[in-house]
Amino acid sequence: MTPPTVSPAGLRLENIEKRYGSLYALRRVSLLVAPGDCVVLAGRNGSGKTTLLRIAARLVRPTSGSVSFFSSERDSDTENVKPGYVAHAAMAYDELTAEENLRLFARLQSTRQLETRVDTLLSEVGLGERRTSLVRTFSRGMRQRVAIACALLKEPGVLLLDEPATGLDPQGVAWLATTLRQLRDSGCTIIMSLHGESEISSLGTRAVRLEAGSLIADTRTGATFRTILTFADA
Amino acid sequence: MSLLPNTSVLLGKELRTEFRSRELLTTTIIFILIVIVLFSFTFDPTSDESRHFGSGLLWLAFLFAASLMLQPCFLREQHNDTLSALRLSVSDPFAIFLAKLVANTLFLLITELLLLPIFSAMYNVPVLPVLHWLALVFFLGSLGISIVGTALSAISAQARMRELLLPLLMLPLLTPILVASTEVTKSLLERAPYVPWKGVGIVAVFDLVFLTVLWLFGEYLLEE
């Protein structure tokens, strides 16, 4: 994949709390992610990973607490940072082709050199030959590739991925790992939720573990890093 | 100002997906056709009777067809979480509403104008002399139904009893515009047709008020 020209940005989550009625999805979670970091979010099902990522993407409003992005050049909050986001679902229209989906989101995001960018991304995610096929004819893995291509359209400074390897075959996982490595090396800040150790988790420079909505571990070191990913102490 | 460019891109998407699947148009056209044909058997559609009942019958059919059409409006954005993708891409969330309500109005108008000749033939009511006025009231009425319906569709899509919630919320809110549109249509179908400007004004003001409310508070309706 062509190394993107990203403007690295960091993420600051302060005392994030999210309640659905009496149920706490997140309890006073604070996290400061430096520009260029690659953070792996680990935790069991229902621990709050998806909610945290959606709050970071500003798709969900926290009950209390604040979310802000800051640029690497100056440590000031910036509203201009629009993170790339890959959700569980494909985030693409079944009734449109892969190419039409990418064009649609590229137009909405006012992507520069739209046609070139769409062509490049379609080739890079391995959908060059299926570009005119409707997304509804795609497998789970191919849909995931469309979602990743859409998230990368505007070369985001921050990329949020919710279990990005779901549905990908071993070749797909290898491709995703290579893509994320290139993005990380080019300065893009990556925050991704994962289950267990994999080729993708090895890209992480930091591991954070959530349990029942609380942040219970945060490390950069080898042994503890592995423990967090595999829930070895759980 | 990215509202209009974003709206036109999204409108293109709405039209393309609908004309590719034809889900909404087919359902609504068949539904209105059934209503019009069924009612023609319940009474002898002489010209005078039709002038009396016709406008109410038409707007009742349009209302139920609209609730069928508006239900999946935001529901299908949830299937692949495309609403999140849209929210992350547009700079003004009102563009999402604007594109959807323009598309819904257009689909409703297409349905109404396709079925008007059938209504005219089956109920012995000549509509050609007042076609332009009917088109105006159909446009204003459909726009109002679409504005309210699109907003409520965004709310109901996230609720548990969504199929029940939309008509339950929509019908009371639409009462003023339905009464006014029916009155205007009735006057236009009279032997000596005339345009009741007060009724037209009520429908236009209704549209303007609800469009402003949607513009001001639409963003909150999209939040999870």
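This is a predicted model: local features need pLDDT of at least 70, side-chain atom pairs count only at pLDDT 80 or more; totals for chains, interfaces and linings use all residues.
## A walk through chain A

Strand 9 covers residues 206-211 and strand 10 covers residues 214-219; they run antiparallel and are joined by 5 bridges.

**Other positive phi values**

A:Ser110 has a phi near 50°, which is positive although the residue is not glycine. You'll find A:Ser110 in the loop that links helix 2 (98-108) to helix 3 (114-124) of chain A. A:Glu155 is also a non-glycine residue with a positive phi, near 45°. The loop holding A:Glu155 runs between helix 4 (140-151) and strand 7 (158-162) of chain A.

Being buried would take 20 or more, and being exposed 12 or fewer.

**The whole chain**

Zooming out, chain A has 6 helices and 10 strands. The C-alpha trace spans about 45 × 40 × 35 Å along its principal axes. The radius of gyration of chain A is 17 Å, which agrees with the value near 17 Å that a compact globule of 234 residues would have. In chain A, 48% of the 234 residues count as buried. Taking contacts with a separation of 6 or more, 72% are between residues 24 or more positions apart.

How is chain A divided? Domain 1 is made of two stretches, 7-83 and 156-234, while domain 2 is 91-155. The centres of the two domains of chain A, taken over C-alpha atoms, are 24 Å apart. Where they touch, domain 1 of chain A gives 10 residues and domain 2 of chain A gives 8. The domain 1 side of that contact divides into 5 nonpolar, 3 polar and 2 charged residues.

Then there's the nonpolar core. The largest one has 141 residues, and those with the most contacts inside it are A:Leu102, A:Val146, A:Cys150 and A:Ile191. This core lies between domain 1 and domain 2 of chain A, because both domains give residues to it. In soluble globular proteins, nonpolar side chains tend to be buried together.

What does A:Leu102 touch? Leaving out residues up to four places away in sequence, A:Leu102 touches A:Val118, A:Leu121, A:Leu122, A:Ala149, A:Cys150 and A:Leu153.

**Meeting chain B**

Chain A also has a partner in the model. The contact between the chains takes 21 residues from chain A and 18 residues from chain B. On the chain B side, the elements that give two or more residues are helix 1 (3-21) and helix 5 (82-89). Helix 1 of chain B gives the most to this side, with 7 residues. By type, the chain B side that touches chain A has 4 nonpolar, 7 polar and 7 charged residues.

Methods: Residues are numbered from 1 along each chain as its sequence is written. Chains are lettered from A and ligands numbered from 1 in the order in which they are written. Helices (H or I, at least four residues) and strands (E, at least two) are DSSP runs, numbered from the N terminus. The radius of gyration is taken over C-alpha atoms; the globule rule is 2.2 Å times the number of residues to the power 0.38. A residue is buried if 20 or more other C-beta atoms lie within 10 Å of its own, exposed if 12 or fewer, and partly exposed in between; C-beta atoms are placed from the backbone. Two residues are in contact if their C-beta atoms, placed from the backbone, lie within 7 Å. Ala, Val, Leu, Ile, Met, Phe, Trp, Tyr, Cys and Pro count as nonpolar, Asp, Glu, Lys and Arg as charged, and the others, Gly among them, as polar. Two strands pair if DSSP finds at least two bridges between them. Domain bounds come from an automatic or database domain assignment. A nonpolar core is a set of buried Ala, Val, Leu, Ile, Met, Phe, Trp, Tyr and Cys residues joined through C-beta atoms within 7 Å.
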